[in-house]
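The sequence and the structure come first, and the description follows.

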Amino acid sequence: VPAADVLAPLREALAACRPAVKKQVCEDIGRRLMVLEDAWVQGKLSAPVRKRMSLLVQGEGGCAQGVGHPEEGTPWPLMGWSVPAELQQQRWDAADEIHRSLMVDHVNEVSQWLVGVKRLIAETRSLPAAEPVEEPVAGMDGSTEPSPGQEE
């Protein structure tokens with residue numbers, strides 16, 4: 001699995017969290033994702049670590065239930081996908097289990113970057129549901145549109 005296939009959805013998840021999460025936290029997660037990318041590209045990650053990270057972002061069997069690679073040139077959020085498969089499908093227990101297994105079984109290999117992935121899971125989990133809610137904006141008098149001269 002290429003590093004980009006794992007890192008792209010993690011970066012999309014980070015982008016989805018940015019409006020709701022402190023800048024310093026996002027920057028730390030971003031730095032840790034860069035450490036992950038460097039280790040992956042330099043061949044410093046074992047096959048089991050790469051496989052588990054792939055499962056974390058892509059779910060069982062790769063691109064799970066249409067959540068995987070966005071269509072050419074279309075950003076994930078515009079397609080209604082803003083976070084990785086296990087996270088998008090709110091399989092928090094599965095994501096946490098993958099994280100825990102990596103930390104327990106491969107601590108020396110993952111310790112510098114996995115904290116960032118864990119935080120990203122936690123922040124993604126705390127995001128409001130991504131269901132579109134169309135609520136009318138109430139005017140001062142309770143109507144949905146301001147009446148002329150209402151601002152006076």
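Within helix H7, the buried residues are Leu114, Gly116, Val117, Leu120, Ile121, Glu123 and Thr124. An α-helix has 3.6 residues a turn, so residues three or four places apart point the same way. H7 is made up of 13 residues, and the distance from its first C-alpha to its last is 19 Å, close to the 18 Å expected at 1.5 Å a residue. The model is predicted, and the values given here are computed from it.

**Overall make-up**

The protein chain contains seven helices and zero strands. Read from the N terminus, the order of elements is α-α-α-α-α-α-α. Of the 152 residues in the chain, 36% are buried. When contacts between residues at least 6 apart in sequence are considered, 65% of them join residues at least 24 apart.

**The nonpolar core**

The largest nonpolar core consists of 31 residues, and the ones with the most contacts inside it are Leu10, Leu33, Leu36, Met53, Trp113 and Val117. Two or more residues of this core come from each of helix H1 (3–17), helix H2 (23–41), helix H3 (47–58), H5 and helix H7 (114–126). Val117 is also among the buried residues of H7. For Trp113, setting aside neighbours within four places in sequence, the contacts are Arg32, Val35, Leu36, Leu45, Val49 and Met53. Leu36 and Met53, both in that list, are themselves among the core residues with the most contacts.

**Cysteines**

How many disulfides does the structure hold? There are zero. A disulfide is a covalent bond between the sulfur atoms of two cysteines. The cysteine sulfur closest to that of Cys17 belongs to Cys26 and lies 6.6 Å away, so the two are too far apart for a bond. Cys26 is likewise in no disulfide, its nearest cysteine sulfur being that of Cys17.

| Residue | Relative accessibility | Class |
|---|---|---|
| Cys17 | 1% | buried |
| Cys26 | 2% | buried |
| Ser101 | 16% | buried |
| Lys44 | 56% | exposed |

Ser101 sits in helix H5, which covers residues 92–105. Is Ser101 buried or exposed? Its relative accessibility is 16%, and Ser101 therefore counts as buried, the cut-off being under 20%. The Ser101 side chain reaches the backbone oxygen of Ile98 at 2.9 Å. Apart from neighbours within four places in sequence, Ser101 is in contact with Arg52 and His106.

Lys44 is located in the loop between H2 and H3. Lys44 counts as exposed because its relative accessibility is 56%, and the cut-off is over 50%. Its side chain joins that of Gln42 in a polar contact of 3.0 Å. Beyond neighbours within four places in sequence, Lys44 has contacts with Ala39 and Glu109. Lys44 and Glu109 are separated by 65 residues in sequence, while their C-alpha atoms are 8.0 Å apart in space.

Technical notes: Residues are numbered from 1 along each chain as its sequence is written. This is a predicted model: local features need pLDDT of at least 70, side-chain atom pairs count only at pLDDT 80 or more; totals for chains, interfaces and linings use all residues. Side-chain values use heavy atoms; hydrogens and water are left out. Helices (H or I, at least four residues) and strands (E, at least two) are DSSP runs, numbered from the N terminus. Buried means under 20% relative accessible area, exposed over 50%, partly exposed in between (1.4 Å probe, protein chains only). A polar contact is a pair of N or O atoms within 3.5 Å; within protein, one must be able to donate a hydrogen and the other to accept it, and residues adjacent in sequence count only if both atoms are side-chain atoms. Contact means heavy atoms within 4.5 Å. A nonpolar core is a set of buried Ala, Val, Leu, Ile, Met, Phe, Trp, Tyr and Cys residues joined through side-chain atoms within 4.5 Å. A disulfide is a pair of cysteine sulfur atoms within 2.5 Å. The expected span of a helix is 1.5 Å times one less than its number of residues.
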